[in-house]
Amino acid sequence: MTFRVIKKIEPIERKIVLNNQINDNLLELLNAQYKHLLSKHNLAKVKLSELCDISAGGDKPKKISKMKSNENLVPVYSNGTNKDGLYGYTNKAKIFKKAVTISARGTIGYTVLRTEPFVPIVRLISLQSKGAISAEFLYLLISNLSIQGYGSTQQQITVPYMKKIVVNIPSLNLINKFQKEISPLFNQIDRNKRENEQLTNIRNVLLDKFF
């Protein structure tokens, strides 16, 4: 019985690893394309606050569970890199459209593109595009910044700090063309992440049942 279960789990594990490798390669390609875009065109300086709304996460929800359930479907994210900062699940989202989060404490500057409604907590910085650029372009922009924390005891970044950051961007026409080119790659990354979530759930069910 144990051998048969292991034989079922092994291909699941291999597919999860393969999807992660594909996503890593796609992100490397996207970052290379972004850097190439900036290197070939004239750039304008704008404050980050002109491109997006910036906010910080608050306290964790009163209703929260470690596992996703029919009652708690909304992911809760905090600062950190493990599982992209996933803290648990709750029943009501606070951010509903695609957004970029930046770890404000601990591993400062760790950046993730969020494609589903979620709740940020523990001062996790969230950025939502004001419409001139896509969340995907914003993600590449933030990922390529060198964000430094400040503070004598605990290094951190804050909303006022982020609002003052000045970034270099090409013209909106070039951005729009670039966004159309990169959209399929980001869609593939998102599909791979969703598939991995399903595969992980299947693997966990098998492990809980037989071990």
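Which residue stands opposite Val 46 in β9? That turns out to be Val 167, and the strands around this pair are a handy way in.

## Before we start

This is a predicted model, where local features need pLDDT of at least 70, side-chain atom pairs count only at pLDDT 80 or more, and totals for chains, interfaces and linings use all residues. Residues are numbered from 1 along each chain as its sequence is written, and side-chain values use heavy atoms, with hydrogens and water left out.

Helices (H or I, at least four residues) and strands (E, at least two) are DSSP runs, numbered from the N terminus. Two strands count as paired if DSSP finds at least two bridges between them. As background, strands of a sheet pair through backbone hydrogen bonds, either parallel or antiparallel.

Now look along β9 (residues 166–169), where the side chains alternate. Buried here means under 20% relative accessible area, exposed means over 50%, and partly exposed is in between (1.4 Å probe, protein chains only).

## A three-stranded sheet

There's also an open sheet of 3 strands in the order β4-β3-β7, with mixed pairing. Its edge strands are β4 and β7 (119–120), each pairing on one side only. Between β3 and β4 the run is antiparallel, with 4 bridges joining them. Val 76 is found opposite Gly 88 in β4.

Follow the chain past β7 and you get to Val 122, in the loop between β7 and β8 (125–129). Val 122 has a positive phi of about 55 degrees although it is not a glycine. Arg 123 lies in the loop between β7 and β8 too, and has a positive phi of about 65 degrees, again without being a glycine.

How accessible are these two? Val 122 has 37% relative accessibility, so it counts as partly exposed. Arg 123, with a relative accessible area of 42%, is partly exposed. Leaving aside residues up to four places away in sequence, Val 122 touches Gly 57, Gly 58, Ser 78, Asn 79 and Arg 105; contact means heavy atoms within 4.5 Å. The C-alpha atoms of Val 122 and Ala 56 are separated by 7.9 Å, though the two residues are 66 apart along the chain.

## The largest pocket

On a 1 Å grid over the protein atoms alone, a pocket is an open set of points where a 1.4 Å probe fits, with protein on both sides within 12 Å along at least five of seven lines; lining residues have an atom within 4 Å of a point. A volume is the space filled by probe spheres set on the points, which are joined across faces, edges and corners.

The largest pocket holds about 1,500 Å³ of space. Its lining has 39 residues, and those nearest its centre are Lys 83, Asp 84, Leu 86, Lys 193 and Glu 197. Elements giving two or more residues to this lining include α1 (2–40), β3 (74–77) and α5 (172–210), and α5 gives the most, with 13 residues.

## The second largest pocket

The second largest pocket has a volume of about 160 Å³. Residues lining it include Gln 33, His 36, Phe 178 and Ile 182. α1 and α5 are the elements that give two or more residues to this lining, and the largest share, 5 residues, comes from α5.
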